[in-house]
Amino acid sequence: MESQAFQRDRIVPWSKGSGLAAQLEAWRADPTVWPHLALDHTLPPRDAVHVPVPPALHPNVAQALADRGIDQLYSHQAEAFTLASQGADVVVATPTASGKSLCFNLPVLDALAREPTACALYLFPTKALSRDQEESLRGLMKASSLSHGAITFDGDTPPDSRRAARERAGIVLTNPDMLHGGILPHHASWARLLANLKYVVLDELHTYRGVFGSHLANVLRRLERVAAFHGSKPRFIFASATIGNPKEHAARMLGRDVTLVGESGAPRGARSVLIYNPPVVNAELGVRQSYVKATARLSADLVRAGVVTLVFGQSRNTVEVLLKYLRDALAKERIPLDSLLAYRGGYLPKTRRDIEQRLRNGEIRCVVATNALELGIDIGALDAVVCAGYPGNLAALWQRFGRAGRRQEDALALLVGSSAPLDQYVCSDPQFVLRAPVEQARIDPDNVEILVQHFKCAAFELPFASGDTFREVPAEQTTEALDFLASHHVLHKNTHTWYWASDAYPAANVSLRSVGWDNVVIIERPSDTTLAELDWRSAHTMLHEQAIYQHDAEQYQVERLDLQNRKAYVRKVEPDYFTTAMVQTKVEVLSEARSAAMFGTGEVSVIEKVVGFKKVKFHTHENVGYGEVALPELQMHSAACWVTVPEDVVGALQAPRVEVVDAVRALGHAMHSVACVGLMIDPRDLGRTLGSKSNQPLMEPTLYFYDEIPGGVGLSPRLFEEREALLARAKTLIEACVCDDGCPACIGLDVGLSAPRAHGRKRLALRVLERLEA
């Protein structure tokens with residue numbers, strides 16, 4: 001069958017009988033590779049821990065497992081079933097590919113087998129994941145002689161299937177966005193499901209962090225409130241990849257204690273973990289060879305060796321550049337170009353599903369993806385995962401690494417480091433990847449900006465009575481929030497009850513995932529066909545006029561961006577360059593909550609503006625031109641921690657002011673790096689910029705570290721509390737770096753001044769730091 005053309009046991013023209021083991025040996029013997037391997041470690045295989053199928057499992061479900069050759073369970077699967085069937089709320093936190101699906105499917109199917117009217121609701125972070133799970137779940141239900149039916153309810157579900165989901169389905173699979181906007185506001189139509197709701201399953205818990213997780217916690221508050229109205233009190237089962245605080249995170253999400261199942265009984269094949277640090281090409285500046293080009297070269301080696309490979313890029317642009325480089329490198333190898341594909345947000349659903357199916361069928365040799373493929377979508381057997389750059393936290397790194405060897409064979413996990421400080425920190429201490437604790441997931445459901453939006457949605461769904469709580473939000477605070485909305489004529493208070501009073505439909509104006517709700521549709525000219533779509537914020541940096549938009553390794557130039565109608569018009573071109581946007585950020589303090597010495601924390605307004613773009617040549621990565629961009633500002637309210645260098649300190653340093661300001665900027669580079677490590681967060685969650693807090697004639701240099709999430713999720717106050725440790729860690733980072741006067745691994749590259757320097761940049765940054773410590 002042609003769909004099996006690329007299965008690993010098939011002899012293909014480019015096969016040299018190498019495979020993964022031989023390719024690893026080839027790298028270890030290659031003088032251009034092995035000297036730059038910062039880590040070459042093999043994690044040993046692990047045997048399974050089996051236990052008998054619990055006798056409490058309904059005989060029909062047990063027989064369905066037996067028919068599939070499953071006469072034993074992994075220990076964590078049996079433990080999760082027992083706890084859930086006894087009425088506990090459970091969180092299962094085990095590594096990728098450890099069989100977590102059975103942990104929630106077994107108690108749900110057991111309940112459905114015992115109660116013909118019982119129902120369950122499954123929540124997945126993406127539509128692709130819910131549809132992937134639907135197929136396997138239906139097969140298990142059919143084998144268990146269950147007639148309840150399982151249906152995915154999302155934006156792509158046709159009207160007839162939506163009606164079936166409401167009227168007949170025993171299990172509804174959906175995503176938080178549809179629960180928020182499609183089910184809860186219309187709960188009367190879902191009365192059958194909500195009145196008989198026994199279980200709510202929430203998969204991929206580790207992805208619900210920051211703004212998305214904070215919103216989801218409030219959606220669950222609304223779900224439990226509506227379910228109680230219809231007479232049910234569902235139990236919750238959470239499934240998560242490895243994070244540092246699964247029990248605490250699930251409890252914060254649910255507003256009450258949960259029971260943790262954290263010891264995996266699943267087997268694992270041997271896994272080679274490699275970290276490749278590209279060679280230095282400019283020793284004075286500490287600049288290394290492009291990690292993108294290094295990733296493309298190493299990935300091409302794997303593809304030539306017949307190793308099925310998944311490559312993760314840090315951004316959409318990186319993914320498209322990597323795909324182009326891979327196809328260019330393999331163009332003469334008789335490898336079909338359509339077996340090398342990209343997978344990222346922005347691709348249309350049909351395109352993504354086709355790629356997923358072809359991966360399962362073994363038709364694709366290499367896929368280059370953003371974090372869209374981090375999640376547990378079944379994409380068949382993979383031999384290797386290559387990460388182009390450290391993803392920002394260990395949880396994400398091991399989630400990506402876990403995609404290889406999902407069928408218990410030997411696997412490769414390769415990280416290619418960039419010149420970014422965090423990457424170089426990992427490369428300088430590679431054991432960090434193996435021994436450091438995995439980061440914690442953090443949410444703030446009581447963030448005022450988020451909470452007030454869900455009070456609106458909850459009041460639309462059901463009126464609030466005096467003395468009501470909003471799950472764990474006390475009655476007093478609930479009353480204050482409702483009175484606030486009533487004073488703004490959003491709610492109407494009648495004696496002791498608050499009713500929705502507006503014509504608007506509140507859920508439609510509340511996005512769970514981002515600041516803006518609408519996507520920008522990308523239309524190709526002259527055919528006027530829809531090519532892809534992009535979120536509102538990304539459109540400013542990737543779809544401004546004259547930008548080169550990359551799609552499936554092909555280039556399109558943006559001819560017009562119509563922000564009012566959310567459309568971008570592009571035309572296919574063949575340039576020898578791609579573009580990257582230049583963004584200016586300004587922070588204004590709105591209110592100061594706390595201060596100590598030169599530090600402060602409080603609410604801020606963050607204003608971003610795309611001011612221009614660079615043209616970057618393919619392969620050489622040299623700048624070949626610039627362009628201007630005229631787009632409106634993007635503004636958000638957030639929280640920040642800042643440190644101001646007062647005028648007397650600037651003067652006491654006895655250095656030109658321009659050099660002092662540059663030294664503060666350099667110090668900010670180091671502080672941001674150690675702050676992300678200290679808080680155990682993704683660097684993209686914490687923004688930074690240099691500005692001035694006062695309106696004095698002379699600028700008092702101020703470093704701002706702000707939450708990239710509107711309203712903040714508590715990062716800035718934690719930075720303020722740990723300010724002394726932050727300075728100490730930054731000092732250690734700078735002093736320990738072997739560079740002469742600054743490099744990407746410590747204080748960043750020299751931006752260049754108009755006049756010769758009177759003081760060493762690195763030494764001056766340390767002097768500023770000493771003043772702050774004093």
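This is a predicted model: local features need pLDDT of at least 70, side-chain atom pairs count only at pLDDT 80 or more; totals for chains, interfaces and linings use all residues.
1. Confidence. The mean pLDDT of the protein is 87, and 93% of the residues reach at least 70. Residues 1–17 are a stretch where pLDDT stays under 50. For residues 1–17 the model has 27 contacts beyond four places in sequence.

2. Geometry of the helix pair. Helix 23 covers residues 723–736 and helix 24 covers residues 761–773. Their axes lie 10 Å apart, and the packing angle is about 160°. Angles over 145 degrees count as roughly antiparallel, and helix 23 and helix 24 are therefore roughly antiparallel to each other.

3. Residues at the helix contact. On the helix 23 side, the contact is made by Leu 727, Ala 728, Ala 730, Lys 731, Ile 734 and Glu 735. Helix 24 contributes Lys 762, Leu 766, Leu 769, Glu 770, Leu 772 and Glu 773. Sorted by class, the contact of helix 23 with helix 24 has seven nonpolar and five charged residues, with no polar ones.

4. Aromatic pairs. The structure contains 14 aromatic pairs. One of them joins Phe 104 and Tyr 122 in an edge-to-face arrangement, with 5.6 Å from centre to centre and 85° between the planes. Phe 104 belongs to helix 4 (residues 100–114), while Tyr 122 sits in strand 5 (residues 119–123). The two residues, Phe 104 and Tyr 122, are 18 residues apart, and their pair links distant parts of the chain.

Key:
Residues are numbered from 1 along each chain as its sequence is written. Side-chain values use heavy atoms; hydrogens and water are left out. Axes are lines fitted to C-alpha atoms, for helices over the stretch in contact, and angles run from 0 to 180 degrees between N-to-C directions. Helices (H or I, at least four residues) and strands (E, at least two) are DSSP runs, numbered from the N terminus. Angles under 35 degrees count as roughly parallel, over 145 as roughly antiparallel, 65 to 115 as roughly perpendicular and the rest as oblique. Contact means heavy atoms within 4.5 Å. Ala, Val, Leu, Ile, Met, Phe, Trp, Tyr, Cys and Pro count as nonpolar, Asp, Glu, Lys and Arg as charged, and the others, Gly among them, as polar. pLDDT is the predictor's confidence in each residue, from 0 to 100. Rings of Phe, Tyr and Trp (its six-membered ring) pair if their centres lie within 6.5 Å; planes under 30 degrees apart count as stacked, over 60 as edge-to-face and the rest as tilted.
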